[in-house]
Amino acid sequence: MFPCFHASYAPLIKMEPIIQTKHMDVVYNLGKKNEFKAITDFNLDIYPGEFIALFGPSGCGKSTIFYSILGILQPSSGEILIKGENPYAFSANEMVNYQSRIIGIIYQAFFLINSISVMDNVVLPQAFLGIPWWKRKKRGQELLDRFGIGNKAENFPMLLSGGQSQRVSVARSMVNNPDILLADEPTGNLDSKSSEQVMRVLDEINKKDKKTVIMITHNASQLVWCHRVFYMKDGQLLRTVPNPDKKQIIKFDRQKVLVTEIELLSQMFPYFEPEDLKVKSLVNYLTQDLDFLQIDRLEKAVKLMILRTMGRDNFQEILNAPLARGGVGLPRTRAKFLADKVGQLLKHSEDVRRYRRRMNEGTFFSREDKLINELLYYIVEEAEIKLDRDQKSILKQAVRDRVSGLIRKEELEIILKNPVKKGGVGLDKTDREKIVFYFEKLLTQGIDTANKS
Ligand code: ADP
Ligand code: MG
């Protein structure tokens with residue numbers, strides 16, 4: 001059984017979860033021949049203002065969780081609490097209030113009513129609340145305008161594209177200004193451009209309106225929008241992983257985390273499936289024949305190199321020297337290979353650092369072109385890629401721009417990816433990754449730290 005990491009994350013500040021399940025089991029067809037346990041011992045905490053992804057393969061129980069939160073599928077054991085209350089104890093009126101004012105929902109299939117206008121679809125949830133027509137219409141138009149479909153109010157849903165339909169259903173879900181937005185595979189039926197638009201809308205609802213958003217997805221590329229990802233498999237919560245690229249709503253106490261290798265890996269590679277993490281761990285093991293003492297010695301030697309208190313040749317000597325004599329104990333060829341790599345990288349990063357400093361001072365750097373050429377030559381050699389003249393000149397400009405900080409990592413990636421016709425280098429994924437990987441290592445080392453010599 002895979003360890004459940006979520007249990008080890010304790011929030012640092014006292015805040016009540018907006019949604020919580022405790023040891024929740026959900027069983028379909030309970031007591032019948034076709035009884036099926038879809039959710040097992042599910043513990044989840046979602047805090048106000050979070051954007052959460054429930055992520056996992058088809059059939060793992062994501063929609064089942066959705067229905068349980070929605071109040072239409074009662075857990076067979078355990079608890080579910082919304083704002084501290086059990087929705088399954090609500091009276092009929094309280095349930096209507098809950099489902100119309102506390103929770104907004106959107107589905108993969110939109111579920112718009114085709115025989116009434118877009119506007120009527122959007123304001124339908126208000127009809128049951130006795131709100132006058134002019135008020136409903138004002139609210140509906142506001143939302144449609146906001147999501148970029150204001151001019152479609154009088155159309156019928158059949159005339160809309162998928163992306164537009166989903167934005168109508170987002171407007172409908174927000175019409176009563178609920179606290180929580182539940183979205184079940186909201187982009188499952190959309191092309192990538194429409195998906196992006198819908199994701200932006202959800203992001204805005206989370207950021208600007210401060211709504212708690214829970215999105216169900218099996219598409220890993222959408223996880224970047226979320227604060228935390230809840231990985232599910234076979235009806236269980238495997239782990240929850242905070243997105244390191246987003247400022248968290250809740251500060252989690254990392255000290256309390258049990259440090260296992262897989263857990264560390266899962267923080268470094270938050271969007272990997274547990275299986276992928278296991279692969280990483282194993283490959284790491286196969287390539288990493290060094291023991292702790294060796295790694296410790298290697299780190300110390302690398303540090304001396306980074307601090308420039310040791311030269312390349314001494315470094316190689318230490319790598320090659322036997323353990324008993326304070327070395328790392330690597331064979332000669334491997335010691336040379338590593339020393340070459342580290343030496344090259346640090347030399348380039350030193351150039352990058354100098355280059356950046358001159359640039360900041362506004363002075364001309366006479367070796368600029370030479371540096372860029374060297375870098376380019378090294379990168380192309382190292383990555384073993386063949387480039388024609390056009391590609392080389394575009395890559396050279398990109399290298400220059402990245403070194404001088406004119407473009408970010410993401411922009412470099414795009415230039416490397418785009419075809420030459422569109423001003424890119426047109427590299428495949430492997431080559432792009434090699435280049436970007438080397439570059440980021442280089443720039444990390446090239447950052448001016450305390451030592452300003
Ligand atoms: P997901 O949304 O992650 O694709 P679901 O929550 O829809 O998964 O389904 C989880 C599991 O429960 C699946 O194995 C599915 O076959 C089963 N299941 C879903 N709905 C029912 C139902 N009404 N009766 C019996 N089994 C169901
Ligand atoms: Mg589903």
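**Notebook: sheet, helices and a pocket**

I began at one strand pair and noted that M232 stands opposite L237 in β9. The model I am reading is predicted.

I then looked up the pairing around that spot. Strand β8, residues 228-233, is joined to β9 by six bridges, and the two run antiparallel.

Next I traced the whole sheet. I found an open sheet of six strands with mixed pairing, ordered β5-β6-β7-β3-β8-β9. At its edges I have β5 (103-107) and β9 (236-242); each has a single partner strand, so one side of each lacks a neighbour in the sheet.

Which helices lie across β5? I listed α1 and α5. Helix α1, residues 62-70, lies across β3 (51-55), β5, β6 (180-184), β7 (212-217) and β8. I put its direction at about 150° to β5. Helix α5, residues 162-174, lies across β5 and β6 and runs at about 165° to β5.

Last, I checked the second largest pocket. I recorded about 400 Å³ of space in it. Its lining has 17 residues, and Q99, S100, I103, I105 and P125 lie nearest the centre. The elements giving two or more residues to this lining are α2 (92-102), β5 and α5. Which element gives the largest share of the lining? I found that β5 does, with four residues. By residue class I have 11 nonpolar, five polar and one charged in the lining.

I close on β5: an edge strand of the sheet that also contributes to the lining of the second largest pocket.

Definitions and conventions: Residues are numbered from 1 along each chain as its sequence is written. Chains are lettered from A and ligands numbered from 1 in the order in which they are written. This is a predicted model: local features need pLDDT of at least 70, side-chain atom pairs count only at pLDDT 80 or more; totals for chains, interfaces and linings use all residues. Side-chain values use heavy atoms; hydrogens and water are left out. Two strands pair if DSSP finds at least two bridges between them. Contact means heavy atoms within 4.5 Å. Axes are lines fitted to C-alpha atoms, for helices over the stretch in contact, and angles run from 0 to 180 degrees between N-to-C directions. On a 1 Å grid over the protein atoms alone, a cavity is a set of points where a 1.4 Å probe fits but cannot get out, and a pocket is an open set with protein on both sides within 12 Å along at least five of seven lines; lining residues have an atom within 4 Å of a point. Grid points are joined across faces, edges and corners, and a volume is the space filled by probe spheres set on the points. Ala, Val, Leu, Ile, Met, Phe, Trp, Tyr, Cys and Pro count as nonpolar, Asp, Glu, Lys and Arg as charged, and the others, Gly among them, as polar.
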